[in-house]
Amino acid sequence: MTEVEQLLINTIVLSAPLVLAALGGLISERSGVINIALEGVMLTAACITAIVGVATGSAVIGLAAGIGAGIVISLLHALFTQAFSIDHIVSGMAINALAIGGTNFMTKALSEHSQERVPVYPNWAYYTLALAATFWIGFYLKHTRGGLHLLAVGNDPDKSRQMGLDPIKVRYLALVGSGVLAGLAGVLIVSNAQSFSDQMTAGRGFIALAALILGGWRPWPALGACLLFGLFSALQLQMQGTRIMGADIPYDAWKALPYLVTIIALAGFLGRNRAPAGLGKP
Amino acid sequence: MNSLGWKQIVLALVAFGCIALALVGIGVMPFDALSELIRGSLGTKNNWNETLKHTTPLLITGLAVFIALRAGLFNIGAEGQLLVGALVATAVALKMPGLVGAVLSVMAGTIAGGLWALPAGLIKAYRNGHEVITTIMLNNIAAALAIGLVAGPLRGGTGLSTSTDVISESSWLPNVYQDLPFRLSLALPIAILLVWVIAVWIKKTVAGFELCATGANPKAAETAGVEIKRVTVRAMTISGALAGLAGAIQVLAYEHNFYAGFSSGFGFDALGVALLAGASAWGVLPAAFAFGALAKGTTSLQALGVPKGLSGLLLGTIIIVFAAYRYRKVKSHD
C-alpha cells in the first residue's frame with residue numbers, strides 16, 4: 001500500500017465517527033439546543049456497546065444498546081435544558097463529566113469482561129450509514145414538514161410557538177435523533193478499537209462540533225469539514241517521527257495538529273454568524 | 001418561576017439517589033462512603049494538608065472561570081492555560097533561581113496563561129466562534145505541547161522519563177505555618193488575597209462593571225456605550241492570566257517541577273467551582289474548598305474499591321443540581 005492510499009484510508013476511518021457525531025450535533029443545534037454533550041453521548045454509547053456486546057456476545061444487541069444509551073443521555077440533555085432551563089453549555093459540560101465518571105465507574109465495577117473483544121459490524125456499514133444519513137438529513141430538513149418544523153423552532157422558538165408548534169416537543173424529538181447519530185459515532189469508535197478504554201472518544205465530540213460550525217450548520221459542508229479534520233488527523237499519524245528542516249518534531253507535538261487546524265479555521269473562515277438564530281434560547 | 005420548587009428537589013433526590021445506588025451496586029454502603037469521604041478529606045492533619053493543597057489551584061482557576069462567566073463567557077480552557085502557565089513558570093525558574101527568578105517566573109506564567117486564552121477571546125469577539133470550542137482545542141494543543149516539551153527540550157537530567165528538573169529551593173514559595181505533617185503554604189493566603197482583589201475589581205471599577213454588564217445583557221451594554229468586543233477579549237485574557245498564575249503558583253508552592261499529568265483536571269473542576277460560587281467572587285472560596293475536599297476525599301475512597309469515576313459523577317451531579325436551583329437566575333439570555 002502506498003503512503004497516499006494509507007493516508008486516504010486513515011482519513012475515512014478517522015472522519016466517519018466525526019461525520020456521524022456532527023450530524024447528531026446538527027439536528028440538535030438546528031432545533032436550538034447547543035450540544036456540547038455530544039462527547040458524553042458518544043462515550044456512554046461506546047461503553048454500553050462494549051459491556052452489552054461482550055456480555056451477550058451479539059453485535060446487534062450491542063449496537064442497539066449503544067444507540068439506546070445515546071438516546072438516553074441525549075434526552076437527559078433535553079430534560080436539563082428544556083424542563084429545568086439549565087444553560088445548554090452548563091448542562092453539556094455536566095453530562096460530559098457524568099459520562100466520563102459513569103463509564104469509568106461501570107467498567108471498573110464490571111472489570112471481569114474487559115479483556116474480551118467486543119462483537120462488531122464491519123466498518124463499511126457505518127461509512128455507508130454516515131453518507132446515507134448526510135443525504136437524508138439534507139433532504140429531510142429542506143423538503144419535509146418535520147424538517148421545516150425543526151428549522152422553524154431553531155430559528156425563532158417564539159414565532160414557531162405562535163404558529164402552533166410546540167418547541168419543547170420538537171426539541172425532545174430532535175435530541176432523540178441526535179442521540180441515535182452520536183450514539184452510532186460512539187459505537188463506531190468502540191468497533192474500531194474492539195474494546196472500551198477510559199475516555200476513548202478523546203474529545204472527538206468537540207471536533208465534530210467544530211466541523212459543524214465550520215460547515216455552517218449544513219450537512220454536506222459539515223461532512224466536508226469532518227473529512228478535512230480526518231485528513232489532518234491521518235497526516236498527524238503519518239508525520240510522527242518525520243524530520244522537518246532537520247529538526248526532530250516530538251511525537252506528541254504532532255497530536256496538536258488537528259486542533260491547531262480547528263483554531264485557524266475558526267479564526268479565518270468564520271467571518272459571519274450563520275448559527276441558528278434561536279440557538280440556546282428557551 | 002419556581003426556583004425552589006418540587007421539580008428541583010426531585011431532580012436532586014433522583015441524582016444523588018442514582019449515585020447511592022451505584023455505590024450499593026459495587027457493595028459500598030452510601031453512608032460508609034460519605035463518612036470515608038469526610039474522614040479522607042478532613043479527618044487528620046495530613047488529610048487537611050492535602051485538601052488545602054487541592055483547594056489552592058481550584059481557588060485561583062475557579063476565580064479565572066468565574067471572571068469569564070461574569071462576562072458571559074465559558075472558559076473551558078483553564079486547564080490548558082494552567083498547563084502553559086506552569087510550563088513557562090518552570091522554564092523561567094529553572095533558568096533563574098532565587099527570589100527575582102521566582103517573581104519573574106510567576107509573571108511569565110501569568111502572561112503565558114493570558115496569551116494562551118487570547119485567541120479564544122479574539123475569535124469570540126471578532127469571528128463569533130464559540131469560546132467553548134476554541135478553548136477546548138487550546139487545551140488539547142497545550143496538553144500535546146506540554147508532553148512534547150517535557151519529553152524533549154525541557155526533559156530533566158534526572159533519568160525519570162517525563163519530567164523537568166526540580167527548580168532550585170531558593171525559588172520555592174515558603175510555608176507560613178507548619179505543624180507537621182500539616183503545612184500551610186503562602187500560596188493559599190495569596191489565593192485568598194486574589195479573591196479579594198477580584199471582588200473589589202468587579203464591584204468598584206469601571207472595567208469590572210462593564211464586564212458584568214456585558215455578561216448580563218450584551219445588547220443593553222452595547223447600547224449604553226460599552227465596547228463589548230474589547231470587554232470580551234479583556235475578560236478572556238484576564239481569565240487565562242489567572243489560570244496561568246494558578247499553574248505558576250502550583251509549581252513554586254507544591255510541585256517544584258513540571259511533568260506529564262501535572263494537572264489532575266483542576267481546570268475542569270474550576271467550572272464547577274465557578275458555577276457554585278454564584279454571583280460573588282467570595283463564593284469561590286467555599287466552593288473551591290468543597291471541591292478540594294471532594295477531590296481528596298474521593299482519592300481516599302479508592303482504597304475502599306470505589307472507582308475514581310465517582311468524582312466525575314459527583315461533579316456532574318453537583319453542577320446540574322446547583323444549576324437547576326441557582327445558575328439560571330445568575331445569567332439571563334436576552
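Guide: In helix 2 of chain A, the residues A:Leu38, A:Glu39 and A:Met42 meet A:Arg204, A:Gly205, A:Phe206, A:Ala208 and A:Leu209 of helix 9 of chain A. This is a predicted model, in which local features need pLDDT of at least 70 and side-chain atom pairs count only at pLDDT 80 or more, while totals for chains, interfaces and linings use all residues. Residues are numbered from 1 along each chain as its sequence is written, and chains are lettered from A and ligands numbered from 1 in the order in which they are written.

Visitor: What makes two residues count as in contact, and what makes a stretch a helix?

Guide: Contact means that the C-beta atoms, placed from the backbone, lie within 7 Å. A helix is a DSSP run of H or I with at least four residues, numbered from the N terminus.

Visitor: Why are helix 2 of chain A and helix 9 of chain A called oblique to each other?

Guide: Helix 2 (residues 38–56) and helix 9 (residues 204–214) of chain A pack at about 135°, with axes 7 Å apart. The axes are lines fitted to C-alpha atoms over the stretch in contact, and angles run from 0 to 180 degrees between N-to-C directions. Under 35 degrees is roughly parallel, over 145 roughly antiparallel, 65 to 115 roughly perpendicular, and the rest oblique. The pair is therefore oblique. By class, this contact has 5 nonpolar, 1 polar and 2 charged residues; Ala, Val, Leu, Ile, Met, Phe, Trp, Tyr, Cys and Pro count as nonpolar, Asp, Glu, Lys and Arg as charged, and the others, Gly among them, as polar.

Visitor: What makes helix 5 and helix 6 of chain B roughly parallel or roughly antiparallel?

Guide: They pack at about 155°, with axes 9 Å apart. An angle over 145 degrees counts as roughly antiparallel, so that is the term for helix 5 and helix 6 of chain B. Their contact includes B:Trp116 and B:Pro119 of helix 5 and B:Glu131 and B:Thr134 of helix 6.

Visitor: What angle do helix 4 and helix 11 of chain B make?

Guide: About 135°, with axes 7 Å apart. That makes helix 4 of chain B oblique to helix 11 of chain B. The residues of their contact divide into 5 nonpolar, 2 polar and 1 charged.

Visitor: What makes a set of residues a nonpolar core?

Guide: The members are buried Ala, Val, Leu, Ile, Met, Phe, Trp, Tyr and Cys residues joined through C-beta atoms within 7 Å. Of the 207 residues in the largest such core, A:Ala211, B:Leu63 and B:Val284 touch the most other members. Helix 10 (residues 228–255) of chain B gives the most to this core, 16 residues. Leaving aside neighbours within four places in sequence, the contacts of A:Ala211 include A:Leu18, A:Ala22 and A:Phe229.

Visitor: How many residues join the two chains?

Guide: In chain B, 44 residues are in contact with 43 of chain A. The chain B side divides into 27 nonpolar, 13 polar and 4 charged residues.

Technical notes:
Helix = DSSP H or I, 4+ residues; strand = E, 2+ residues; numbered from the N terminus. Buried ≥ 20, exposed ≤ 12 C-beta atoms within 10 Å, placed from the backbone.
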